[in-house]
Amino acid sequence: MHLKSIGLPLAVDPLYNPPPPGKIPGIFLSHHKRDYRGTASELERPLIGRLSLHAEKIQFAIPTAGN
């Protein structure tokens, strides 16, 4: 669920933040760059088209009664 519980879902998360029906999932340059002009003959490809949260190893400090 990541940060969806506080209104900040991951950008390209097909499970918890799916794209609207008929939309291609991803982050597109046209959504962020003012005056973006794509070519008429080619569909815009996403800059990021998949979930980009990765970790090889995660550790958490478990608080103890003394800390």
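Modeller: Start with the nonpolar surface patch. Leu29, Tyr36, Leu47 and Ile48 make it, and it covers about 320 Å². The model is predicted. Take Tyr36 from that group. Its relative accessible area is 31%. Patch residues need over 30%, so Tyr36 qualifies on that count. The value also lies between 20% and 50%, so Tyr36 is classed as partly exposed.

Next, Asp35. Its relative accessible area is 61%. That is over 50%, so Asp35 counts as exposed. Its backbone deserves a check too. Phi of Asp35 is near 65°, a positive value in a residue other than glycine. Most residues other than glycine have a negative phi.

Now Gly49. It is partly exposed, at 42% relative accessible area. Leaving aside neighbours within four places in sequence, Gly49 is in contact with Val12, Pro25 and Gly26. Gly49 and Ile24 are 25 residues apart in sequence, yet their C-alpha atoms are 8.5 Å apart in space.

Ile24 leads on to the largest pocket. That pocket has a volume of about 310 Å³. It is lined by 16 residues, and the closest to its centre are Lys23, Ile24, Gly26, Phe28 and His31. By type, the lining has nine nonpolar residues, five polar and two charged. Gly26 links the two views: it is a contact of Gly49 and one of the residues closest to the pocket centre.

Definitions and conventions:
Residues are numbered from 1 along each chain as its sequence is written. This is a predicted model: local features need pLDDT of at least 70, side-chain atom pairs count only at pLDDT 80 or more; totals for chains, interfaces and linings use all residues. Side-chain values use heavy atoms; hydrogens and water are left out. Patches are made of residues with over 30% relative accessible area and no salt bridge: like charges are joined within 9 Å, nonpolar side chains (Val, Leu, Ile, Met, Phe, Trp, Tyr) within 5 Å. Accessible areas come from the Shrake-Rupley method with a 1.4 Å probe; for residues, only the protein chains shown count as cover. A salt bridge is a side-chain nitrogen of Lys or Arg within 4 Å of a carboxyl oxygen of Asp or Glu. Buried means under 20% relative accessible area, exposed over 50%, partly exposed in between (1.4 Å probe, protein chains only). On a 1 Å grid over the protein atoms alone, a cavity is a set of points where a 1.4 Å probe fits but cannot get out, and a pocket is an open set with protein on both sides within 12 Å along at least five of seven lines; lining residues have an atom within 4 Å of a point. Grid points are joined across faces, edges and corners, and a volume is the space filled by probe spheres set on the points. Ala, Val, Leu, Ile, Met, Phe, Trp, Tyr, Cys and Pro count as nonpolar, Asp, Glu, Lys and Arg as charged, and the others, Gly among them, as polar. Contact means heavy atoms within 4.5 Å.
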